[in-house]
Amino acid sequence: HNANNDENKWNSNHKASLENALQNGFRAFYLDVCICLGQVVFCHGNCVWAGRQDPVEIFENVVQFLDNNPSELIIFNFQISHNKPSPQQLWDVMKQINGIQEKSYVHNGGVWPQVGKLLKDGKQIISLKHNGDN
């Protein structure tokens, strides 16, 4: 949960990074999305004391992991947090990453596909959000 990991030991709520969590079997991540100093970042409720990470680095590492593990699916639950970035601002950051658009499932209503169908179609990322505007 959040960007508050091993790099910020005095106030961490993880002992390992998101990338380590991936290697250890985690496939769902709850991340606070903030705007800090005009940039979209992952944070933990604020921009100062609770840690923050560059989403570009995180997403690049996730895409690399998925490239190496084509039978894996990752779910992101983004909490719109400090300074309330819009989903479009987050997507603008995400789509900078080669391969992420092709791997992202977009649900347009109706019945959700089964995981096997998603993976067959190369869709390995499901992104959800709560809080903030649509």
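**Reading strands, burial and a disulfide**

Me: How many bridges pair S1 with strand S2 (residues 39–43), and in which sense, parallel or antiparallel?

Reply: Two strands count as paired if DSSP finds at least two bridges between them. Strands (E, at least two residues) and helices (H or I, at least four) are DSSP runs, numbered from the N terminus. Here S1 and strand S2 (residues 39–43) are antiparallel and share five bridges. The hairpin of S1 and S2 has two residues between the strands, and Leu 37 in it takes a positive phi near 55°.

Me: What kind of model is this, and how are the residues numbered?

Reply: It is a predicted model, in which local features need pLDDT of at least 70 and side-chain atom pairs count only at pLDDT 80 or more, while totals for chains, interfaces and linings use all residues. Residues are numbered from 1 along each chain as its sequence is written, and side-chain values use heavy atoms, with hydrogens and water left out.

Me: Which way do S1 and strand S4 (residues 74–80) run, parallel or antiparallel?

Reply: S1 and S4 run parallel, joined by six bridges. Leu 31 has Phe 78 in S4 as its bridge partner.

Me: Why is strand S1 (residues 28–36) described as largely enclosed?

Reply: Buried means under 20% relative accessible area, exposed over 50%, and partly exposed in between (1.4 Å probe, protein chains only). Strand S1 is largely enclosed by the rest of the structure because seven of its nine residues are buried. Over the protein chain, buried residues make up 41% of the 134 residues.

Me: Which cysteines form a disulfide?

Reply: A disulfide is a covalent bond between the sulfur atoms of two cysteines. The criterion used is a pair of cysteine sulfur atoms within 2.5 Å. Cys 34 and Cys 43 form one, with their sulfur atoms 1.6 Å apart, and the count by this rule is one disulfide. Cys 34 is buried, at a relative accessible area of 0%; Cys 43 is buried too, also at 0%.

Me: Where is Trp 112, and is it buried or partly exposed?

Reply: Trp 112 is in the loop between strand S5 (104–105) and helix H5 (115–120). Its relative accessible area is 42%, so Trp 112 is partly exposed.

Me: How many helices and strands does the protein chain have?

Reply: The protein chain has five helices and six strands. From the N terminus on, their order is α-β-β-β-α-β-α-α-β-α-β.
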